[in-house]
Amino acid sequence: MGQITLSGVTKRFGETEVIPPLDLNIEDGEFVVFVGPSGCGKSTLLRLIAGLEDTTAGHISIDGKDATGLPPAKRGLAMVFQSYALYPHMTVRKNIAFPLRMAGMAKDEQDRRVEAAAKVLNLTSYLDRRPGQLSGGQRQRVAIGRAIVREPAAFLFDEPLSNLDAALRVGMRLEISELHERLKTTMIYVTHDQVEAMTMADKIVVLNAGRIEQVGSPLELYRTPRNLFVAGFIGSPRMNLISGPEAARFDAHTIGIRPEHIGVHPTLGDWRGVVGVSEHLGSDTFFHVHETGLAESLTVRAGGEVPIRHGDTVFLTPDASKIHRFDQNGLRL
Amino acid sequence: MGQITLSGVTKRFGETEVIPPLDLNIEDGEFVVFVGPSGCGKSTLLRLIAGLEDTTAGHISIDGKDATGLPPAKRGLAMVFQSYALYPHMTVRKNIAFPLRMAGMAKDEQDRRVEAAAKVLNLTSYLDRRPGQLSGGQRQRVAIGRAIVREPAAFLFDEPLSNLDAALRVGMRLEISELHERLKTTMIYVTHDQVEAMTMADKIVVLNAGRIEQVGSPLELYRTPRNLFVAGFIGSPRMNLISGPEAARFDAHTIGIRPEHIGVHPTLGDWRGVVGVSEHLGSDTFFHVHETGLAESLTVRAGGEVPIRHGDTVFLTPDASKIHRFDQNGLRL
Amino acid sequence: AQETTTLTIATVNNGDMIRMQGLADAFTEANPNIELEWVTLEENVLRQNVTTDIATNGGQYDVITIGTYEVPIWGRQNWLVPLNDLPAEYDVDDLLPPIRAGLSVDDTLYAVPFYGESSFVMYRKDLAEAAGVTIPEQPTWDEIKAAAAAMNDPDAGIHGICLRGKAGWGENMAFLTTMANSYGARWFDENWQPQFDSPEWKAAITDYLDLMNNYGPPGASSNGFNENLTLFQQGKCGMWIDATVAGSFVTDPNNSTVADQVGFALAPDAGQGKRANWLWAWSLAIPSSSDAPEEAKQFLAWATSKDYANLVAETEGWANVPPGTRTSLYENPDYVAAAPFAQMTIDSINAADPNQPTRDPVPYTGVQFVAIPEFQGLGTTVGQEFSAALAGQKTADEALAAAQELALQEMTSAGYIQQ
Amino acid sequence: MARAVSTSRKAVNTALAWGVALLIAFPILWTFLTSFKPEPQAVASPPVWFGFDWTVRNYVDVQNQRDYFDYFWNSVILALGSTALGLVIAIPAAWSMAFVPGRRTKDLLMWMLSTKMMPGVAVLVPIYLIFIQLGLLDTRIGLVVVLMLINLPIIVWMLYTYFREIPGEILEAARMDGASLGREILYVLTPMAIPGIASTVLLNIILAWNEAFWTIVLTTTNAAPLTKFISGFSSPQGLFYAKLSAASTMAIAPILIMGWFSQKQLVRGLTFGAVK
Amino acid sequence: MSTQASRSAARLMLSPAVLILLVWMIVPLVLTLWFSFQRYNLLTPDRSGFIGFANYAEFVTSPAFWLAILNTLLLVLGVLVITVVGGILIALLIDQPLWGQGIVRILVISPFFIMPPVAALIWKNMFFNPSNGLFAEAAKAIGMRPFDFLGQAPLASIILIVAWQWLPFATLILLTALQSLDSERLEAAEMDGANAWNRFRFIMVPHLARAITVVVLIQTIFLLGILVEILVTTNGGPGNQSTTLTYLVYQEAILSSDVGAAAAGGVVAVILANIVAVFLMRAIGNNLDS
Ligand SMILES: Nc1ncnc2c1ncn2[C@@H]1O[C@H](COP(=O)(O)OP(=O)(O)OP(=O)(O)O)[C@@H](O)[C@H]1O
Ligand SMILES: Nc1ncnc2c1ncn2[C@@H]1O[C@H](COP(=O)(O)OP(=O)(O)OP(=O)(O)O)[C@@H](O)[C@H]1O
Ligand SMILES: [Mg+2]
Ligand SMILES: [Mg+2]
């Protein structure tokens with residue numbers, strides 16, 4: 001069980017209101033991702049749920065029971081920290097067993113659970129090492145192992161992958177997703193990497209300066225961003241934003257079109273421009289097109305093997321059905 | 001000018017041979033990327049070229065002249081370090097001017113060059129700040145500025161972007177590429193991120209355990225990887241590798257097929273499998289397909305809006321013309 | 001212009017010496033070619049620095065302050081400049097004979113006394129009266145014990161008697177050796193055999209411990225001269241047996257709360273023909289390593305002259321004149337009038353005989369010490385044994401046995417006892 | 001943990017901490033107080049706290065006995081001199097150990113430290129004889145050298161641990177930029193290590209200021225520092241608590257004040273690599 | 001960083017420090033070794049010559065020798081225990097939020113700046129003195145008999161003085177170490193259900209291990225050489241109750257002026273110090289590397 005409700009939760013550090021009153025409901029078994037730029041209050045929100053910070057106002061309930069005043073250990077939640085926060089002087093086994101030991105669990109039951117968790121996480125052969133002797137990904141798995149053994153009502157992850165290199169990050173992302181498939185436990189996951197958010201979440205909460213900009217499934221956010229902030233934040237490479245006369249043509253203050261929804265042609269198209277840097281990934285090519293008169297640069301995605309090079313003049317055609325329109329307040333029309 | 005030739009260059013640390021004898025030629029003006037897994041010797045090779053390490057054997061020549069015994073400062077190369085290696089106690093201006101000051105250049109000439117570099121790198125308004133007051137990307141630019149002012153024969157970059165977050169990384173990647181377009185100076189760039197390698201390089205050198213696995217343009221490596229190592233390393237997500245009877249059907253020990261070269265259909269296709277985790281990026285979706293009997297998991301890339309979910313059975317069809325075949329030694333057939 | 005010579009003078013940090021520093025301008029005015037540099041140190045530090053320097057011929061000092069213990073030893077080593085050529089007006093013959101003898105080796109004078117002292121009994125007249133005891137001018141140990149018992153009132157913060165307990169050859173052993181002398185004990189027999197196993201030593205130590213344990217102040221095992229002085233000045237001691245110089249301190253109303261209540265008596269005896277009083281003189285000498293012996297002599301002659309005494313009398317009063325060095329001082333009515341303890345002091349000094357300190361014959365000279373180089377170390381280690389006994393960590397017998405053992409070992413390894 | 005600490009809890013902490021702190025500092029505060037009492041009140045029973053006849057007589061007396069400033073200047077010169085000399089020798093050594101470590105580096109460091117374990121008294125006479133031979137007795141230069149030698153291992157260790165935290169890449173960058181070794185140390189390493197060097201300097205000054213064996217044994221007047229000054233007060237005659245307190249206050253005040261004002265820098269670097 | 005050139009430069013720059021320390025160690029040590037086999041008393045220069053191991057025999061068989069070793073160990077261990085335990089407690093305390101943290105810190109570190117003779121004098125006269133000391137006054141105020149610290153518990157008293165001097169040092173290092181503890185690790189433990197005591201025991205103490213070893217190493221080096229404090233307060237007594245090895249050597253060297261015996265004692269002390277050192281270095285070396 002892991003149903004979490006925040007109502008009117010507010011957090012002030014001294015004078016500055018980091019989280020203005022905020023409501024959020026997280027269903028049991030959901031994988032919820034908090035995403036947003038640095039400093040927007042993601043960690044703070046997570047820590048409020050964990051009980052590591054006091055709420056200034058508002059209520060947090062877990063599984064229907066008020067948990068606002070409960071100490072962290074009593075909330076039945078487990079947290080995986082960005083720095084892993086492993087205990088460096090304990091072996092992996094001891095690290096994972098620590099919460100059980102603190103709960104006074106019998107030794108053999110502890111062992112049983114640790115072995116089980118280690119097996120799930122492929123850590124069995126490292127159980128007697130110290131964290132210092134593990135690679136980044138292995139450490140991350142130990143941290144997760146320590147969370148799993150407690151069989152918590154929900155897992156809280158605070159940017160768990162940001163210390164890993166790109167390749168590992170992709171692998172661990174999958175592992176966590178698979179873990180969620182298997183355990184079906186509520187997971188709240190903080191990141192500022194929108195790729196992580198898109199690929200892992202059942203539900204994304206986009207935060208900005210402590211406020212919730214939009215809540216929805218990844219594809220909802222991708223298809224119908226509620227405002228410019230979400231539009232710019234979700235999707236990689238970023239959505240191209242165009243304002244001015246071209247936007248007015250579409251009856252909007254600003255229009256947005258994603259790089260993958262623009263066609264390129266050497267001679268035919270709506271918008272004319274000159275190719276700057278082009279990035280060939282093999283599978284795809286990203287062109288940065290300048291001198292269109294619409295925006296400093298438009299990013300366009302094309303197939304892997306397009307014969308267009310730096311300096312060429314090209315014509316771009318947006319897929320009209322995929323154009324997003326925003327008013328002068330940045331709200332979706 | 002910046003033509004660099006390594007012949008028989010070898011490096012041993014004590015007993016362990018980190019770089020077995022290695023030959024490499026880098027043409028003037030080329031953007032060469034060294035790529036390879038962690039610990040494969042990329043940094044060591046770069047430091048050998050820079051003169052920060054002695055070669056155990058072999059010769060390095062720069063612009064045709066033997067530079068093997070020269071101290072770093074005499075080689076006419078500039079290096080940008082992973083940690084930026086800025087002088088924290090000096091202002092940006094002083095940081096950039098430092099190599100000129102060391103060369104005993106006249107004060108006004110120093111200023112002129114610093115201003116010019118700052119302009120190129122958009123640093124003009126930060127010249128009087130200390131590195132500690134700059135963001136990661138700005139620091140990186142200062143490090144590059146310090147390299148530029150010397151007008152070196154070649155730039156050496158050691159994972160210059162790995163300390164930046166994803167979004168910044170993309171931006172700086174572009175800036176460096178544009179810089180290369182502008183200066184046309186030889187650049188040697190170390191990374192273990194194959195996206196960087198693919199998008200920036202004129203020529204990629206794939207290293208593995210100190211040996212060169214393949215040298216070629218990004219698309220060469222993408223299209224015709226010489227062996228399994230390169231096949232697996234270049235391309236994201238990784239190429240699917242299949243051995244056994246299915247490979248034998250293609251007269252090979254192992255066959256490889258990239259995720260983007262596999263078609264998906266709910267009812268029709270060559271290979272049957274069950275969808276595991278699927279990653280929705282909006283623009284694309286990556287399916288991890290299990291229970292195909294071919295490999296533990298096959299990754300498949302599909303469009304952004306395919307109505308396939310976790311647990312569905314799907315059929316996969318590889319694009320036969322894009323299948324890579326390898327013999328039992330892992331060499332391309 | 002005349003070249004100026006700088007004299008480096010090592011002095012001990014007691015009141016008389018410090019007063020001399022203040023008055024030394026008179027000397028430098030008279031001798032403009034001489035400059036004085038003072039090194040003022042606590043006694044132990046001084047001794048350590050000066051000994052190291054003189055024995056290694058370091059040449060740091062031109063004038064040093066040493067005691068009657070060092071002079072004969074160092075003089076014999078030719079470490080000191082002989083002082084037989086002092087000018088006539090210095091009047092060497094005016095020096096007190098026992099003191100002069102102590103500072104000479106084979107009739108050659110090696111140091112001149114700055115002040116001399118013996119030891120005597122100081123007591124509180126008011127307390128004695130209140131307790132109904134009288135302390136005669138020539139008390140016996142039994143009378144002292146009785147008086148201590150009568151005056152002792154720890155609840156009122158008054159202890160019957162204060163004696164030295166801090167370990168050191170110049171601390172507790174100075175007192176204990178004189179006490180032992182008066183009991184007829186000696187350090188060594190004529191063959192340098194240690195005598196701590198003798199009944200006389202046992203008696204002396206037992207009485208000492210009884211006195212201190214019953215009527216002494218707490219923490220006596222770390223009390224030396226200064227600590228006892230402080231206690232007595234605060235009015236916490238009924239009696240105190242210590243150096244005669246203390247007479248001027250305990251009667252100084254500026255520092256003493258009991259200045260007008262102090263009585264004096266000779267050091268006690270035990271019917272063995274010797275009193276428990278010592279003989280000591282802080283003296284000035286010139287190391288042979290000095291590079292300005294002539295100027296140093298000028299200074300010595302000034303600092304220990306009659307004129308200096310007059311100078312002190314003029315500026316600070318007669319009571320503050322350094323005592324115990326010259327016969328003429330004790331014949332000066334002004335001084336005798338100003339110093340109530342003057343007669344007692346001169347009598348005590350004259351009663352001490354460095355060559356015959358105790359009842360039985362001894363192979364050494366020195367009253368409260370044995371003038372051999374090894375005594376510093378031996379005296380101190382033996383002193384630690386008795387200090388431990390006083391602290392209650394050993395019995396008298398254990399301490400005496402240990403002392404005997406230590407002395408035997410030291411005398412054997414130093415070659416006094418031939419095996 | 002950024003959860004609000006209740007005010008009452010903070011009050012309890014404050015009371016406890018102040019209690020402990022005052023207890024620890026009490027001997028010093030009491031000495032300071034006593035130095036202003038007339039002698040009889042200094043040993044009064046029960047002790048007087050503040051209601052005594054405040055006087056600076058003790059300071060005047062102490063100053064009259066000997067000129068405080070001679071000793072003070074010697075202390076300053078010895079502390080600064082030995083520190084400066086130590087830095088000149090230790091910075092290159094620490095550079096070598098931190099940036100070009102060998103297999104023996106740790107052993108070397110430990111060996112250096114072990115030279116501090118030799119009891120001074122045991123080698124007193126040999127050193128004294130050597131000093132006589134070299135004419136160094138009672139010279140500032142002699143003492144500066146000895147104090148430097150005594151503290152050198154500590155300086156090297158502190159600098160070493162500090163340098164080790166400076167990324168070698170920065171020095172390599174300087175090298176690529178054409179800086180010679182000397183300039184690399186002078187222009188890049190030293191300025192970057194200023195906080196560490198500062199605390200090393202502070203610690204060394206404190207250690208040199210308070211060294212109380214060699215400074216007493218090897219000096220007479222010309223080079224005598226405050227330790228020698230105080231050793232002349234260890235037991236003057238008669239009531240002396242107030243004067244002793246005054247002399248003590250004079251001996252410790254300069255370094256105490258320096259320590260108070262620079263405690264941030266001192267604390268920051270005073271880890272000997274104990275904190276990573 | 002390791003080209004041939006930089007390695008030779010490193011050797012060159014290391015050499016002054018190594019050379020002068022080598023000279024500083026070797027010359028006195030050789031002289032001391034030489035003296036230790038000589039009959040050499042400063043006061044009897046006429047009697048001298050080679051006497052083999054007699055000085056050693058005398059030093060080692062002297063009744064104070066074993067007690068001195070015991071006292072040395074007690075002194076070192078006692079001070080270490082007090083400073084480390086006290087240091088941890090105080091560090092924990094002043095790391096809490098409180099008013100006037102700056103001043104508290106200044107007060108706590110003050111003893112570190114006090115020169116040893118002054119510290120010893122203050123404690124001896126103003127505190128331990130059974131007649132005039134403040135402890136005696138305190139005892140009297142509550143109706144107890146004053147305790148004679150230096151007479152009845154000399155070694156403990158000295159340990160107290162020395163611990164007072166070194167407590168700030170330990171506190172400072174431990175405090176810095178404590179503050180370097182990643183707060184996420186404590187929070188993780190809290191989430192894991194560890195209460196305050198368990199967080200202290202399982203997270204903080206192990207984290208402090210390295211700092212503790214450094215404190216132990218540095219202090220041991222200084223504590224083995226403690227002399228002035230003993231000299232000023234008890235002179236090693238009463239008896240030999242507070243005689244340490246260093247003091248014993250001092251006694252030979254200074255009081256007896258017996259250079260030969262002192263040298264022998266010094267050699268013994270050096271050997272013992274090095275045994276301790278080797279132990280320490282082992283432990284610390286490992287701990288510092290990790
Ligand atoms: N203990 C604190 N005291 C005062 N301000 C704080 C505190 N903790 C966080 N803040 C402020 O609250 C805001 C939100 O911080 P938070 O750590 O939640 O951001 P975040 O979204 O997690 O950022 P990041 O992606 O960088 O981790 C920031 O402006 C930060 O400066
Ligand atoms: N100074 C050294 N002494 C001994 N071995 C070293 C040294 N420097 C590097 N190595 C070893 O040489 C190998 C190559 O190291 P290098 O730093 O060149 O790898 P890399 O490819 O740059 O790795 P990364 O991507 O992690 O930076 C590694 O196995 C490393 O352990
Ligand atoms: Mg955060
Ligand atoms: Mg590298």
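In this predicted model, A:Glu115 and A:Arg93 form a salt bridge, with their closest N and O atoms 3.1 Å apart. A:Glu115 sits in helix H3 (residues 107-120) of chain A and A:Arg93 in helix H2 (residues 92-102) of chain A, so this pair ties together parts that are 22 residues apart in sequence. Over all chains, the count by this rule comes to 66 salt bridges. Let's start with a few of these charged pairs and then move on to the places where chains meet.

- Side chains of opposite charge can pair when their charged atoms come close.
- How exposed are the two partners A:Glu115 and A:Arg93? A:Glu115 counts as partly exposed because its relative accessibility is 34%, and A:Arg93 counts as partly exposed at 24%.
- A:Arg93 also forms a salt bridge with A:Asp128, and here the closest N and O atoms are 3.5 Å apart.
- A:Asp128 lies in the loop between H3 and helix H4 (136-148) of chain A, while A:Arg93 is in helix H2, so the pair ties together parts that are 35 residues apart in sequence.
- With a relative accessible area of 56%, A:Asp128 is exposed.
- In chain B, B:Arg113 forms a salt bridge with B:Glu151, the closest N and O atoms being 3.8 Å apart.
- This pair links distant parts of the chain, 38 residues apart: B:Arg113 belongs to helix H3 (residues 107-120) of chain B, and B:Glu151 to the loop between helix H4 (136-148) and strand E7 (154-158) of chain B.

- The size of an interface is often given as the accessible area lost when the parts come together.
- For chains E and D, the buried area is about 9000 Å², and carbon and sulfur atoms give 80% of it.

**A closer look at D:Ile230**

- D:Ile230 is in helix H12 (residues 226-231) of chain D.
- D:Ile230 counts as buried because its relative accessibility is 0%.
- Leaving out residues up to four places away in sequence, D:Ile230 touches D:Ala247, D:Ser248, D:Ala251, E:Met115, E:Pro117, E:Val118 and E:Leu121.

**Where chains C and E meet**

- 38 residues of chain C are in contact with 33 residues of chain E.
- About 2800 Å² is buried between these two chains, and carbon and sulfur atoms give 45% of that area.
- On the chain C side, C:Pro218, C:Gln384 and C:Gln393 lose the most area to chain E, together 18% of what that side buries.
- The rule finds one salt bridge across this interface: E:Lys124 pairs with C:Glu227, with the closest N and O atoms 3.4 Å apart.
- Eight residue pairs are in polar contact between chain C and chain E (both at pLDDT 80 or more).
- Helix H17 of chain C gives the largest share of the side of chain C that touches chain E, eight residues.
- By class, this side of chain C has 12 nonpolar, 20 polar and six charged residues.

**Chains that do not touch**

- No contact joins chain A and chain C, and their closest C-alpha atoms lie 48 Å apart.
- Chain B and chain C have no contact either, and their closest C-alpha atoms lie 49 Å apart.

**Nonpolar cores**

- The largest nonpolar core has 444 residues, of which C:Trp187, C:Phe299, C:Phe386, D:Phe163 and D:Phe272 touch the most other members.
- Helix H8 (residues 154-179) of chain E gives the largest share of this core, 17 residues.
- A second, separate core has 47 residues, including A:Leu127, A:Leu161, A:Ile204 and A:Tyr222.

Definitions and conventions:
Residues are numbered from 1 along each chain as its sequence is written. Chains are lettered from A and ligands numbered from 1 in the order in which they are written. This is a predicted model: local features need pLDDT of at least 70, side-chain atom pairs count only at pLDDT 80 or more; totals for chains, interfaces and linings use all residues. Side-chain values use heavy atoms; hydrogens and water are left out. Buried area is the accessible area (1.4 Å probe) that two parts lose on being put together, summed over both. A nonpolar core is a set of buried Ala, Val, Leu, Ile, Met, Phe, Trp, Tyr and Cys residues joined through side-chain atoms within 4.5 Å. Buried means under 20% relative accessible area, exposed over 50%, partly exposed in between (1.4 Å probe, protein chains only). Helices (H or I, at least four residues) and strands (E, at least two) are DSSP runs, numbered from the N terminus. Contact means heavy atoms within 4.5 Å. A salt bridge is a side-chain nitrogen of Lys or Arg within 4 Å of a carboxyl oxygen of Asp or Glu. A polar contact is a pair of N or O atoms within 3.5 Å; within protein, one must be able to donate a hydrogen and the other to accept it, and residues adjacent in sequence count only if both atoms are side-chain atoms. Ala, Val, Leu, Ile, Met, Phe, Trp, Tyr, Cys and Pro count as nonpolar, Asp, Glu, Lys and Arg as charged, and the others, Gly among them, as polar.
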